[in-house]
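Please study the model before reading each solution.

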Amino acid sequence: MSKTLVIAAHPNIAQSAVNKRWLAQLRRYSERFTVHELYAAYPDGKIDIAAEQRLADAHQTLVLQFPVYWFNCPPLLKQWLDDVKKTAIAVSLGTPAADYTREGAVGCTVAEALRPFELSLRYCNADYRPMFAFHTIDSNAGYTEAALQAIEQSAVDYVAWLDALAQAA
């Protein structure tokens, strides 16, 4: 089975509850997943495009993992997308799912808010698959025990989603 490449883009992973936990879970299965943290690899923001293309080409499945920043991705991932290669996304959202409805605070679904990713991937003829999205509370509010348990479950669910994605490829 070919490994899945997870491009993780979190500008402050040490302070993350969700993305940091997801990466820890993926690292338990290093035979199945390659975790590549953009901000750790390129602290100066200068991406080695050729190396990134080789890394992406060496994997059958590519997933972009990031926290949603103002209805978009962190800047280094945007640069990576522009410069390297396109492909499924896994996102954490610091708001409850109810906010991402027509009646909610955001006024649209997550898929609608992140439609530029789908459009970009389809334009590049990528085999775009449905995203993995995890809603939580605003991280600035702190995490209750129930929220931390939900994060733990999301890490297990994330691995299952990635496995299903790789099997469908």
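**Exercise 1.** At roughly what angle do the axes of helix α1 and helix α7 cross?

*Solution.* This is a predicted model, in which local features need pLDDT of at least 70, side-chain atom pairs count only at pLDDT 80 or more, and totals for chains, interfaces and linings use all residues. Residues are numbered from 1 along each chain as its sequence is written, and side-chain values use heavy atoms, leaving out hydrogens and water.

Step 1. The axes of α1 (residues 18-27) and α7 (residues 145-168) cross at roughly 50° and come within 9 Å. Therefore α1 is oblique to α7 (angles under 35 degrees count as roughly parallel, over 145 as roughly antiparallel, 65 to 115 as roughly perpendicular and the rest as oblique).

Step 2. The contact (heavy atoms within 4.5 Å) involves residues of α1 including Val18 and Trp22, and residues of α7 including Ile151 and Tyr158.

**Exercise 2.** Identify the helix that gives the most to the lining of the largest cavity.

*Solution.* Helix α2 (residues 38-41) gives the most, with three residues. Among the lining residues are Leu38, Tyr39 and Ala40.

Key. Axes are lines fitted to C-alpha atoms, for helices over the stretch in contact, and angles run from 0 to 180 degrees between N-to-C directions. Helices (H or I, at least four residues) and strands (E, at least two) are DSSP runs, numbered from the N terminus. On a 1 Å grid over the protein atoms alone, a cavity is a set of points where a 1.4 Å probe fits but cannot get out, and a pocket is an open set with protein on both sides within 12 Å along at least five of seven lines; lining residues have an atom within 4 Å of a point.
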